[in-house]
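Please keep the sequence and the model in view while reading.

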Amino acid sequence: MTGVSGDPNTPDLVCGSCDKPLEMRKVEASYLGQTFPVDLPCCPSCGFVYVSEELASGRMLKVEQALEDK
Amino acid sequence: MDGDQVKAWEALCIEEQPPACAAACPLRVDARGMAEKMAAGDFNGAMALYSRVVPFPAIIAHICEHPCEAVCRRAEAGGAVRIGALERALVEEAYPTIRRSAQRARKPKTIAIVGAGLAGLTAAFDLVMKGHAVTVFETEARPLERLRLDIDSSVLPPSAIDADLGALTSLGVDIRCRQRVTGGGSQALGDLIAGHDAVLLATGPGPAVQFSETLRLTAAGRIDLDPLTLATSLPTVFGSSLHSGGDETYSAILSVRDGRRAAVSLDRFLQGASLTASRADDTATGTCLYVNTARHAAVPPVEPADPVAGYCHAEAMSEAARCFPCHCLECVKACAYLTHYKTYPKRAVREIYNNDSIIMGNRKSNRMIDSCALCGLCQELCPNDLAMGDVCLDARQSMVDHGHMPASHHDFALRDMAFSRSDDVAFVRHQPGHDHSAVLFFPGCQLPASAPRQVEAVYRHLCDHLPGGVGFMLDCCGAPAHWSGRKALHQDALDHIRAIWEDHGRPRLITACSTCLKQIGEFMPDLPVASLWTELAAIGLPDHVAARSVAGPLAIHDPCTSRHAHDVQAAVRSIATLLGADVRELTGAEKTTCCGYGGLVSFANPEVGNAFVDRRIEESDDDYLAYCAMCRDNFARRGKRALHLIDLIFPDADDPAARPDPGFSGRRDNRLRLRRRLLRDLWGESMSDPVPPVALVIADAVRADIERKLLLVDDIAEVIAEAQRTGRVFKDRTSGHLTTSGRVGTITTWVEYEPTDAGFVVHRAYGHRMQVEVKP
Ligand code: SF4
Ligand code: SF4
Ligand code: SF4
Ligand SMILES: [Zn+2]
């Protein structure tokens, strides 16, 4: 476990290009012209951001739907 | 949305009209609500409903003439509900649970009521509840003396009178007996008027010459009353309408209504409000609530074991359960969408309009609006022909026009439509060897996606049997754009079809799909168009197709877009019968239900989409016979054995009813392949088979999951190919799996995969619309 997210479901991922374990970083999420900061695991060298399926079909989907109904 | 149009739609739905019983009750007692509660054993709740409108529950339960029973719709199925007996059982059991407290007025007005009959005491009750100070003057020794004298105590026990009177006095009404109010002298009307803010004369029928000095009388010597407001010639004095000398047959419940009508006027007068403004007509009876009583089996009324004592608790519960209760809801019962949202059109129309009118804030009903199948069944069943589909489509167009349509609801379907219309798929040709088309075959986008070989076979058959050249046009009729409220895109699709039609010498169009037929007929009525099925019924089936025994009967499912296409319905049935099928009806064509594709409901709301299919599937154990590719494939997807009519004519397998749903990725492949094969084989054009970017290995469960998430295998292949080129992947050190993502249209598609000798094994895929990136 890298433990970067503190989430036991996060797989033991490294960046394939940089061979670095992922770290939690503040990244920018945007949808329908709205942007907001969120903490997500990503490669510390190249900045490739990882989104787990749990996140995509859970919290992220909720936010997307809320923005669509605004 | 246009407010007037919305009001007109709302007005069509009569579900909120009162049931017959309440409409006939002079007090509008909610017998339906009471019966529902009593049937559930909630007698206290029923009593609360009853005592909210009935001032003297014990008395009225015993002596009301219950006009409600005379009109109860249960009479058409076993006998009217015995509402009177239910009310008595209710009083018997739950009278002590009545809780009432009068409002507290800051400056109580003083009111004198002359006459302690039912009308006077009802007014006293209503006015004391409003917080006024009420004094009642009665000539006799006791209030309600007439009830005691005229009605046998076996009908109206004195204890009932005492209980209701006790409750009235405990609310603070001051009843003074042996007080005769006269024209002059010690207890003169003039003094009452001078000493009170308002006076009500509730002295019962008959002349009132003693008051002639004070009030204007009619020629018959009765107090001259305004029939609607019960006002007299003096502003602070009102009368009960029995003075006016209309129908003087005594009615307990009408006396109560008179007292109530007078109380409304007095209260309005004391508050300085208009006596007439928006006053409900308390004499109206009858209702336009539609009730399909034929739906209910006849059940006779419950007879009490002890007729003198009346219903016991259990008997009252069973009698109450005979109340239907009266509702229309004809459309709701038949529609998976309205059922899912636990609503009915009148309420839904209002909700949709409110959603449309929101300036700032959440549009909570967007998904609800996009979950209607636009199937037209509601209109078919509604006594007033309300078409919810028209409402939802209008709302969708408004959402699109104002930029409020959620992108995610229809994106996938519109992308699929764009693909069908793209140069990768769409093409049009005259019949090989012809430079003219008398006929243009338009199979639509879904049949070629589901049964491409059969489409080719039927095209060859048409070419052999129709003179003048049969052209072929693979394209989309634009229905998805229409259903999603995209007017411009829809028009673009229609214009394209028209241009081709002009270009090809205005041939007669033949469509295989009911939706295409309906679209062209509705939006381009000048184009001659016919259904493939009526055409085949006319020209005959291929020679090699002989009647064969289809195993078992077939239950026929008409697509909702063929609801009114009677010639098509008949042609389909005759072809199937000719082929030896034993065709059984489900609901019949006019009442057919949607398969979940209509209105794009499965894309905006898969749960409702599946509910449509699943409901339909449950109607029969027979294999289903459909003649829309989406209907057939949706049945197959949900595990129902189903055939398309074209499978009967050109069987492609031993057991075509077991043909699986090709799924969205399969549909795309089928269209691409059909185009290549036709152009190569029929028109001799050179076509190269596309080389897939990477070879994929996908287990069935993963494939189904990908379908459910509306992701395409082609897109997944592209994402993997790109990752292999760039090395932009995450690697799971435990499993060795690679994970990558790529933006496909408006979706970031993630794939977890594993390179093997057989190809890339896809373990899972998922997507999101939001974009995430490290801030530069
Ligand atoms: S069936 Fe029930 S709701 Fe309908 S009229 Fe009779 S009591 Fe009223
Ligand atoms: S899904 Fe069909 S029956 Fe239901 S409201 Fe829509 S058009 Fe009417
Ligand atoms: S069928 Fe539906 S829309 Fe028509 S009146 Fe009844 S509840 Fe209303
Ligand atoms: Zn990296």
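Donors are N, O and S atoms within 2.8 Å of the metal (3.2 Å for Na, K and Ca); water is not among the atoms, so sites may look incomplete. In sequence, the donor residues of the zinc ion (ligand 4) follow the spacing C-x2-C-x24-C-x2-C. Cys18(A) and Cys46(A) link distant parts of the chain, being 28 residues apart. Cys18(A) belongs to the loop between strand E1 (13-15) and E2 of chain A, and Cys46(A) to the loop between E3 and helix H1 (53-57) of chain A. Helices (H or I, at least four residues) and strands (E, at least two) are DSSP runs, numbered from the N terminus.

The protein donors are the SG atoms of Cys15(A), Cys18(A), Cys43(A) and Cys46(A), which lie 2.2 to 2.3 Å from the zinc ion (ligand 4). What arrangement do the four donor atoms around the zinc ion (ligand 4) form? They subtend angles of 106 to 113 degrees, which makes the arrangement tetrahedral; four donors count as tetrahedral if all angles lie between 85 and 135 degrees.

## Basis of the model

This is a predicted model, in which local features need pLDDT of at least 70 and side-chain atom pairs count only at pLDDT 80 or more, while totals for chains, interfaces and linings use all residues. Residues are numbered from 1 along each chain as its sequence is written, chains are lettered from A and ligands numbered from 1 in the order in which they are written, and side-chain values use heavy atoms, with hydrogens and water left out.

## A sheet of two chains

An open sheet of three strands is ordered E3(A)-E2(A)-E20(B), and its pairing is antiparallel. Two strands pair if DSSP finds at least two bridges between them. Strand E3 (34-42) of chain A and strand E20 (771-774) of chain B stand at the edges with a single partner strand each, so one side of each has no neighbour in the sheet. On average, neighbouring strands are turned by 35 degrees against each other, direction ignored.

Nine bridges join strand E2 (residues 23-31) of chain A to E3(A) in the antiparallel sense. In this pairing, Glu23(A) stands opposite Cys42(A) of E3(A). The loop between E2 and E3 of chain A holds Leu32(A), whose phi is near 50 degrees, a positive value in a residue other than glycine.

## A mixed sheet in chain B

A second open sheet has five strands in the order E6-E8-E7-E9-E10 (chain B), with mixed pairing. Strand E6 (427-429) and strand E10 (529-531) of chain B are at the edges; each has a single partner strand, so one side of each is left without a neighbour in the sheet. Strand E9 (residues 508-511) of chain B runs parallel to E10(B), joined by three bridges, and Ile510(B) stands opposite Ala530(B) in E10(B).

## Two packed helices

Two packed helices are described by the angle between their axes and the distance between the axes. Helix H29 (residues 606-617) and helix H30 (residues 629-637) of chain B pack at about 85 degrees, their axes 10 Å apart; axes are lines fitted to C-alpha atoms, for helices over the stretch in contact (heavy atoms within 4.5 Å), and angles run from 0 to 180 degrees between N-to-C directions. That makes H29(B) roughly perpendicular to H30(B), a description for angles of 65 to 115 degrees.

Methods
Parallel < 35°, antiparallel > 145°, perpendicular 65-115°, else oblique. Tetrahedral: all angles 85-135°; square planar, octahedral: opposite > 155°, others 65-115°.
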